[in-house]
Each structure stands twice: as structure tokens, then as C-alpha cells.
Amino acid sequence: MTAETVEYIRYRIPEQQSAEFLAAYTRAAAQLAAAPQCVDYELTRCEEDFEHFILRITWTSTEAHLEGFRKSELFPGFLAEIRPYISDIQEMRHYKPTTVRGTGSAVPTLYSWAGGAEAFSRLTSVFYDKVLKDDLLAPVFDGLAPEHASHVALWLGEVFGGPAAYSENLGGHGHMVAKHFGKNITEPQRRRWVNLIQDAADEAGLPTDAEFRSAFLAYVEWGTRLALYFSGPDAQPPAEQPVPKWNWGAAPPYQQ
């Protein structure tokens, strides 16, 4: 589990002071933005009672907040802005995330946006047909098992938000990483892999909108660079971890 900690500070600010309070935190936020101990922050206001505010700050750890930020040169400037409102604090505590987490369906997964299992099956079928005919990549996949394409389709499906079929039936993240050990993939081969899967995505009819393709390519770049590393002579097996879950990133799905 991540070492990050979430600090919640609950304020009750008289409504006639709310404009000054928001302005003060706008200035104070500059110190948070500059702090290497701060992951992100957000100030929210209650819809039912405008006097109630909650500041959420994610710190890299509780110690990083208390021993790092509070003893840094940034803290005096932060404190100077919020000092007038300290007496209005109703709660100020650190919380650790639990395993109870998830996402709703308001934003579709990349998996469903792409077209689900059938889309990823088409993708890997087209892709490995190209791979086996490619002079640069064919040697890497010599003796490719007939089920390889369908297994990779399950992996990609899980990565992009689909069912956890690869984890449940094929060994998960560690199994996928282990398949690259000793392959000694070169950078030209990695780049060809990236180019061919983009061509395959076109031919397989995956969505061509900028938002989807941006997220799709981001994972392909990330994944192939890890594969390059783990295929090398100096690679160390990673600690056990879940299959990565990719999302829309900076550009959410465009819906008219």
C-alpha cells in the first residue's frame, strides 16, 4: 500500500469572511505547489452550508509533512496566509488510504470505450500477424505459442479497465514481466513494436479520437520501455504488484 497520507482540515468560516478566506488560500497554495512533500491539494466548499470548507492535502507521508514541509522555508509563508483562520479549524488530521477504493461509471473505462474484449482480440490478432512478418521483430517471437495473442488481449483488457482475467488465470503482473527476461530487446525493436501496434489499432478499428489514442499510446510507451529494461542483463525482478490500471490521463473522453 502507498505510503501517502491524506490530511483533512475542516473549517467553519463565517460567510462574510469567505472571500478573504479563499483569497488567502489561493496565495497559500503557491507554497503547497512548490513543496516536494505535497502530491496534490484541493479546497472544497459545502453546498448545503456555505460556511463549511474542507482542505484536502495529499502528502508523500505524514513525516514528510510534519518534519519536511513544516520545517522548510516554504512553511512560514504558508502559515502567514492562513494564520487568521486557525481558530476556525474544526478538525485537522492525517488519514491513510484503505483497500476500499474504486471508480464509478460516470467516465467509461478505456476498455469499454475501445469496444471491450472483441476489440482487444482483434487488435492482438492483427498485431501479431504483423509481428511475425516483420524482419526486426520476428526473431524475438520465434516459436510464438498459438495462444499468445489471446493472452496479450486479456492483459491489455485488464490494463485498460476490463476484467481481471489475466491476473486470475495467467499469473498477473509477475508472469508478464518474467516473459521478457533474457530477451535482450533493443531500442529499435521496441520502437518497431510501438509503431506496429499503432498500425494494428487502426486496422482493428479501435477508436481514433485523440483522447483515446493519447492514453493508448501512453501505456504502449510505458509498457515497452519496462519490457526493454526487464529483457536486459541487469534487470532485477520487481516486487509483487498488481497489473497496472491505465486511465484517460490528462485528456478525459470527449463526449458531445
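1. Phe127 lies in helix H5, helices being DSSP runs of H or I with at least four residues, numbered from the N terminus. The model is a predicted one, in which local features need pLDDT of at least 70 and side-chain atom pairs count only at pLDDT 80 or more, while totals for chains, interfaces and linings use all residues. Residues are numbered from 1 along each chain as its sequence is written, and side-chain values use heavy atoms, with hydrogens and water left out.

2. Phe127 counts as buried because its relative accessibility is 1%, where buried means under 20% relative accessible area, exposed over 50% and partly exposed in between, with a 1.4 Å probe and protein chains only. Not counting residues up to four places away in sequence, Phe127 touches Trp193, Leu196, Ile197 and Ala200, contact meaning heavy atoms within 4.5 Å. The C-alpha atoms of Phe127 and Ile9 are separated by 51 Å, and these two residues are 118 residues apart along the chain.

3. The largest nonpolar core has 37 residues, of which Leu123, Phe160 and Phe216 touch the most other members; such a core is a set of buried Ala, Val, Leu, Ile, Met, Phe, Trp, Tyr and Cys residues joined through side-chain atoms within 4.5 Å. At least two residues of this core come from each of helix H4 (110–114), helix H5 (116–131), H6, helix H7 (165–170), helix H9 (187–203) and helix H10 (210–230). A second, separate core of 21 residues includes Phe21, Ala24, Phe69 and Leu74.

4. Leaving aside neighbours within four places in sequence, Phe216 is in contact with Leu123, Phe160, Ile197, Ala201 and Leu206.

5. Helix H6 is mostly covered, with nine of its twelve residues buried, among them His148, Val152, Trp155 and Leu156. What covers these buried residues includes H4, H5, H7, H8 and H10. The end C-alpha atoms of H6 are 16 Å apart, which agrees with the 16 Å that its twelve residues should span at 1.5 Å a residue, the expected span being 1.5 Å times one less than the number of residues. Gly161, whose phi is positive, near 105°, follows H6.

6. One cavity of 30 Å³ or more is present, and about 30 Å³ of space lies in the largest cavity. On a 1 Å grid over the protein atoms alone, a cavity is a set of points where a 1.4 Å probe fits but cannot get out, and lining residues have an atom within 4 Å of a point. The lining consists of His148, His151, Val152, Tyr166, Met176 and Lys179, and its largest share, three residues, comes from H6 (residues 148–159).

7. The largest pocket holds about 680 Å³ of space, a pocket being an open set of grid points with protein on both sides within 12 Å along at least five of seven lines, and a volume being the space filled by probe spheres set on the points. Of its 30 lining residues, the closest to its centre are Phe141, Met176, His180, Trp193 and Ala227. The largest share of this lining, eight residues, comes from H10.

8. About 320 Å³ of space lies in the second largest pocket, which is lined by 14 residues, and Thr103, Thr109, Gly161, Trp246 and Asn247 are the closest to its centre.
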